[in-house]
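Let us learn to read a fold step by step. Keep the picture open as you go.

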Amino acid sequence: MRISFTGTGCSGKSTLLRKCRQHYGDKFTYVTEVTRPIARRGLSINEDGNDETQRAIIEAHIQNNSLDDVIMDRCIVDGYTYTNWLFGQGKVTEETYQFAWATFIELINNIDIIFFTCPVEMESDGERSTSVSFQKDIDDIMRNLLCLDPKSKAYKKRLVILSGDVDKRFNDIKIAIQDHEHTTVG
């Protein structure tokens, strides 16, 4: 089973992933970070991303998508969304944008459950962007991609929108995983 969180920075993905790890233990492999290791290699992220950054991020999503029984902090939805935003700003080339889109189309249906985390109040950690306008732009692109794109129909059934406090979100996660396990048994 492949499960992923997706959402803007400061939307609770890491908190929920920690709760999953505490609850499910070694039932899953946990991918806790995609972007920060790339930033630690000296590449610019968030609003300052570029072709090299986005290609490294997309490659990480390809690698993560090959794992089984995994819960991921982010997935190809994030990789494509941020590349889309950067392309609109003239910070990545058409070639990188097309690579992100083709990878999105190739990988999206391999994810069994996508948990979309609605934004919460932002806190700085020294790496993530705290720009409200950037967060809103990313959230708008994600919502459009997940809800309006005609190619998304196949995964809409596996999209769970998480809102409310941490306990409510985590309860919705447990229900979705349990429902998926029951529908795929036998």
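Q: In what order do the 5 strands lie in the open sheet, and what is the pairing?
A: Bear in mind that this is a predicted model. The order is β2-β3-β1-β4-β5, and the strands pair in parallel. From one strand to the next, the twist averages 15°.

Q: Which strands stand at the edges?
A: They are β2 (29–31) and β5 (159–162). Each has a single partner strand, so one of its sides has no neighbour in the sheet.

Q: How many bridges join β1 and β3?
A: Strand β1 (residues 2–6) and strand β3 (residues 70–72) are parallel and share 3 bridges. Take Ile3 as a case: its bridge partner in β3 is Ile71.

Q: Which residues touch the most other members of the largest nonpolar core?
A: Start with the general idea. In soluble globular proteins, nonpolar side chains tend to be buried together. Here the largest nonpolar core has 26 residues, and Ile76, Val77, Tyr80, Phe104 and Ile108 touch the most other members. Two or more residues come from each of α4 (76–88), α5 (94–107), β4 and α6 (132–147). Another core, of 16 residues, lies apart from it and includes Leu17, Cys20, Ile71 and Phe115.

Q: At what angle do α1 and α8 cross?
A: Two packed helices are described by the angle and the distance between their axes. The axes of α1 (residues 13–24) and α8 cross at roughly 55° and come within 10 Å. That makes α1 oblique to α8. The crossing is right-handed. Among the contact residues are Leu16 and Cys20 of α1, and Phe170 and Ile173 of α8.

Q: Which strands does α8 lie across?
A: Helix α8 (residues 166–184) lies across β1, β4 (113–117) and β5. It runs at about 165° to β4.

Definitions and conventions
Residues are numbered from 1 along each chain as its sequence is written. This is a predicted model: local features need pLDDT of at least 70, side-chain atom pairs count only at pLDDT 80 or more; totals for chains, interfaces and linings use all residues. Side-chain values use heavy atoms; hydrogens and water are left out. Two strands pair if DSSP finds at least two bridges between them. Helices (H or I, at least four residues) and strands (E, at least two) are DSSP runs, numbered from the N terminus. Axes are lines fitted to C-alpha atoms, for helices over the stretch in contact, and angles run from 0 to 180 degrees between N-to-C directions. Contact means heavy atoms within 4.5 Å. A nonpolar core is a set of buried Ala, Val, Leu, Ile, Met, Phe, Trp, Tyr and Cys residues joined through side-chain atoms within 4.5 Å. Buried means under 20% relative accessible area, exposed over 50%, partly exposed in between (1.4 Å probe, protein chains only). Angles under 35 degrees count as roughly parallel, over 145 as roughly antiparallel, 65 to 115 as roughly perpendicular and the rest as oblique. A crossing is left-handed if the near helix is turned anticlockwise from the far one by less than a right angle, and right-handed if clockwise.
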